[in-house]
Amino acid sequence: MSLMKFITDSQIWKSIFRHKYPDNPRDQALAVLSNVFLHLHPIKVRKSGVRMSFTWCMGGLTFFLFLVETITGVLLMFYYRPVVEYAYNDIKALRDHVPIGIMRELHRWGAHLMVITVWLHMLRVFLTGSYKPPREFNWNVGVILLVLTLLLSFTGYLLPWDQLAIWAITVGTNMARATPLMGHEGPGAAFIQLGDVSLVTAGSDVRFGLLGSKTVGAATLLRFYVLHCIAVPLGAGLLIAVHFWRVRKDGGISGPM
Amino acid sequence: MSETNDKGRRSFLAAVSTGWALFTAASVAGLGMCVRFLFPNDTFEPATKFKVGYPADFAASSEGVVDKRYKTRGIWIVRTLDGFFVLSTVCTHLGCTPNWLETEKKFKCPCHGSGFYSSGINFEGPAPRPLERFNVSLAADGQLEIDKGKKYQQEKGQWDDPESFLKMEYSV
């Protein structure tokens, strides 16, 4: 008995792989179906699904970049501390004292590229009419994903804690104070009252909830770090799953209208 | 044949509905608590009301002497021959901090170039309205006391409010 056959006949192997070598249709199907990571995707893809002139491959590239950002992001997390005293110097250390030295740059370039591929993907979907019925819901899921991508860029921008970061976020979040009903300088804020106690003030409006204080400071840095690393990626991950599932259920990528 | 616990379909549905109603209420309450959690009761920011020294510590001139010593607390103290007023360091365009240019006698914002006179009036750049003023008064011990919790906006006519200005004749 050859070594390969000994291994593949063993109970340990069969416990891991619930199929034989995928050189026949049944095992090829099982290889995808029985894998938790792969089974979100269909077993078979149309030939038109791999035509770059049809799809531009931008959706796939966006997902790839999302994974790149996740991996480079986690690696950065081993050195970066979201604390006012350490943040800026930790970013510098990632460049000067940590091997590779360009991990932060890779993360940043990946972010820029992801925003570009997201917009190109949106353009392609529009040009191919892939938002038309019954695919309207998935288009909306995609729009939310676009907003989440931009929010990831926004929250990540604060983390180096340099002048560019602090002022960009100050200016950006100042818009939140003018939100209707939820911002203390927006229309309708005066009506949200319990008796004569105003519920929407500078210390309790949506801007305050976003910043964690009245000005961009230590609380904001920590909050944006949590949003950037945990909250928004989780939300994006869930919606990505919905987005892929919808494509599959609506006939697969590059399917007929 | 054992006795079945048969209270009927109606009571079963009533029980299940109550269960779901309680579950929904608990979930909504839980979500509400999560949202409330994100609004801290106390931020470790410095007090909004603080004293800045005695009037004698501040020089005066007819156009107004701009004092920068409390700029890190977000205010400029300006003294004219008639008295004191306190300007906010937040540019009314998008929120950056302008700089007082002594030689050019103007506040200039580095972000987009908004310009303000020593009175706080905007005269150049994208700022849509003058700098805001804060409440200034004389404390019991004779020091100037600023209250950033009360602001006065010129475009709303609030600079006429006596609380926004501390009358004090300047004598050398």
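**Note on the α7/α8 pair in chain A**

1. The crossing of α7(A) and α8(A) is left-handed, that is, the near helix is turned anticlockwise from the far one by less than a right angle. Helices here are DSSP runs (H or I, at least four residues), numbered from the N terminus.

2. Keep in mind that this is a predicted model, where local features need pLDDT of at least 70, side-chain atom pairs count only at pLDDT 80 or more, and totals for chains, interfaces and linings use all residues. Residues are numbered from 1 along each chain as its sequence is written, and chains are lettered from A in the order in which they are written.

3. How do the two helices pack? Residues 103-127 (α7) and 136-158 (α8) of chain A sit at an angle of about 160°, axes 10 Å apart; the axes are lines fitted to C-alpha atoms over the stretch in contact, with angles from 0 to 180 degrees between N-to-C directions. So α7(A) is roughly antiparallel to α8(A) (over 145 degrees).

4. On the α7(A) side, the residues that meet α8(A) are Ala111(A), Met114(A), Val115(A), Val118(A), Met122(A) and Val125(A). Their partners in α8(A) include Trp139(A), Leu146(A) and Gly156(A). Contact means C-beta atoms, placed from the backbone, within 7 Å.

5. α8(A) has 23 residues and spans 34 Å from first C-alpha to last, close to the expected 33 Å (1.5 Å times one less than its number of residues).

6. Buried residues of α8(A) include Gly142(A), Thr149(A) and Leu152(A); buried means 20 or more other C-beta atoms within 10 Å of the residue's own. Their cover includes α7, α9 (163-174) and α11 (218-249) of chain A.

Note on methods. Angles under 35 degrees count as roughly parallel, over 145 as roughly antiparallel, 65 to 115 as roughly perpendicular and the rest as oblique. Two residues are in contact if their C-beta atoms, placed from the backbone, lie within 7 Å. A residue is buried if 20 or more other C-beta atoms lie within 10 Å of its own, exposed if 12 or fewer, and partly exposed in between; C-beta atoms are placed from the backbone.
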